[in-house]
Amino acid sequence: MLKNSFSKIESWLDERYNLNPVRNLLYHKKVPTHKHSFWYYMGGITLFLFCVQVLTGIMLLIYYKPGEDSAYESVRFIVTEVRFGWLIRNVHSWSANLMIFFAFVHMFSAFFTKAFKKPRELTWVTGFILLLLAMAFGFSGYLLPWNELAFFATKVGTDIVGVLPFIGEDLREILRGSEDVTGATLTRFFGIHVAVLPLIFNVFLIIHLLFVQRQGMHEPEHFQKLSEEKKKFIPFFPNFALRDALLWLIVFNILIFLALFFPWDLGLKADPFTPAPQGIKPEWYFMFMFQTLKYIPSHILFIEGEVLGIFIFFIAGLIWMLVPFIKFKERAKAKIQPLTLIGILIVAFIVLMTILTYLGL
Amino acid sequence: MPINRRKFIDALLSLGGLGGLVAIVYPAFSFLKPPKSAEGTVNSVKAGIASEFPANSSKIIKFGRKPVILIKIENNEFRAFSATCTHLDCIVQYRTDTKQITCACHNGIYDLKGRNVSGPPPRPLDEYSVKVVQDEIIITTETG
């Protein structure tokens, strides 16, 4: 009975919209299985955490009130008065961090398995833009509780923008909404966090997913070299999708565990007229940049250290984004290809700098 | 080169299109830049009773919308500086143990004359003058 009515709906839709692409996805899409198949799941986990972000974010919006006199109070109200408010806020904060972590893992796994190469250049570019947008989400969301740590981190973060030549001062003022970090900054960051970024993020996310869908899963070199009969695949639906779902369930459990046992401290309310407390730091995914800026002297030749640092990060980011379009010579005899070595060095740099910050060096 | 009708219309439309674009972008960009708030310029503030202010201590004072750090050093002399670190905008504090002005954000250190002595700050802190009139502390801008 149910099956019958379902197939009636299907044929009604099929007649009008041609459901072949959906059928192709469900019945014909295959996923290669090999020793690196595990990395295929990282993007899915990131997507899952993004969905958690959207849902918990909308829930927080019901009670959150932006504004110098209401932001901190409303977050305190959420975590102390609203039933399960503490849980929703903790899940939102933890999920944000995990999402960025898995986005990084996803990006580096795509890099080391060389999935960014032709014909997937634009999947890489859109993916990198999504990571930058996710970090912008993190930066703008960090300020919203209007606590001391976030206040000074935002002061530092937005002041860094001001050192850019020509446009720096204007850009800083546009970001802050005034000369200083004030309630005006909070309103702007709130708008950016809940309206501007979601809009842009979703556009890139849809493009990214369409590309993946259109081109199918990347086959690593060693897999491509296998003869056709030796290549193993599993159907995307239901085999891969169910494994995806199982991993999501595991990640969801980890998320709830973290939210329950490691709650996020709200801290003290921001006060523009108190000294910065010890231990001002940005979120962990900005640490490597923050730490590098600390090591650069205040002046190198005639250039300000910070300007130089930001310039280097900007150029490095640009090269990283455009890496699929750069031709690297493969060395047949080398044990590690130069490109892989660059990747390892970058990961090592990020990890080292992050650890140094936490050691307080 | 003769200008035919098509080229002329193309040029006219391009110019009009460009003008239209500017007419949209300029107001949108200007909208994003916050208007300058009409704030009365503050030249001096009262900062409390001098005899009640303990030696070797400090206080952050609101000087209009700017924070100013007022320090009473051990010989009972008052000094005041802009409390905004010249490095990246954090608010500095007076360390009673080392008798220095420090910024916790990036470990910037200034001496009691506001000079940047260590860490990343590129410039000294701006100094304010402090007078004590009938036991009342008055902070004024150097020029004011």
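Which residue forms a salt bridge with Asp180(A), and how far apart are the closest N and O atoms? The partner is Lys155(A), and the closest N and O atoms are 2.8 Å apart. A salt bridge is taken here as a side-chain nitrogen of Lys or Arg within 4 Å of a carboxyl oxygen of Asp or Glu. Asp180(A) lies in the loop between helix 8 and helix 9 (183-215) of chain A, and Lys155(A) lies in helix 7 of chain A, so the pair ties together parts that are 25 residues apart in sequence. Over all chains, the whole structure holds 18 salt bridges. Side chains of opposite charge can pair when their charged atoms come close.

The model is predicted: local features need pLDDT of at least 70, side-chain atom pairs count only at pLDDT 80 or more, and totals for chains, interfaces and linings use all residues. Residues are numbered from 1 along each chain as its sequence is written, chains are lettered from A and ligands numbered from 1 in the order in which they are written, and side-chain values use heavy atoms, with hydrogens and water left out.

The interface comes next. In chain A, 27 residues are in contact (heavy atoms within 4.5 Å) with 25 residues of chain B. The buried area between the two chains is about 2300 Å². Carbon and sulfur atoms give 58% of that area. Buried area is the accessible area (1.4 Å probe) that two parts lose on being put together, summed over both. Glu173(A), Ile174(A) and Phe273(A) supply 26% of the area that chain A buries against chain B, more than any other three residues.

Polar and charged pairs also cross between the chains. The rule finds 4 salt bridges across the interface of chain A and chain B. One of the salt bridges in the model joins the side chains of Lys66(B) and Glu179(A), at 3.6 Å from N to O. Between chain A and chain B, 6 residue pairs are in polar contact, both residues being at pLDDT 80 or more. A polar contact is a pair of N or O atoms within 3.5 Å; within protein, one must be able to donate a hydrogen and the other to accept it, and residues adjacent in sequence count only if both atoms are side-chain atoms.

Helices (H or I, at least four residues) and strands (E, at least two) are DSSP runs, numbered from the N terminus. Helix 7 of chain A gives the most, with 5 residues. This side of chain A divides into 11 nonpolar, 6 polar and 10 charged residues. Ala, Val, Leu, Ile, Met, Phe, Trp, Tyr, Cys and Pro count as nonpolar, Asp, Glu, Lys and Arg as charged, and the others, Gly among them, as polar.

Chain B contains an open sheet of 6 strands in the order 1-10-9-4-3-2, with antiparallel pairing. Two strands pair if DSSP finds at least two bridges between them. Strand 1 (44-49) and strand 2 (57-63) of chain B are the edge strands, each pairing on one side only. The twist averages 30° from one strand to the next. Strand 1 and strand 10 (residues 136-141) of chain B pair over 4 bridges. Within this pairing, Ile49(B) stands opposite Glu136(B), and Lys46(B) has Ile138(B) as its bridge partner. Strand 9 (residues 127-133) of chain B is joined to strand 10 by 6 bridges. Val133(B) is the bridge partner of Glu136(B). The hairpin of strand 9 and strand 10 of chain B has 2 residues between the strands, and Gln134(B) takes a positive phi near 45° there.

A further open sheet of chain B has 4 strands in the order 5-6-7-8, again with antiparallel pairing. Strand 5 (93-95) and strand 8 (116-118) of chain B form its edges.

In chain A, helix 6 (residues 121-143) and helix 13 (residues 305-321) pack at an angle of about 145°, with their axes 9 Å apart. Axes are lines fitted to C-alpha atoms, for helices over the stretch in contact, and angles run from 0 to 180 degrees between N-to-C directions. The contact residues divide into 6 nonpolar, 1 polar and no charged.
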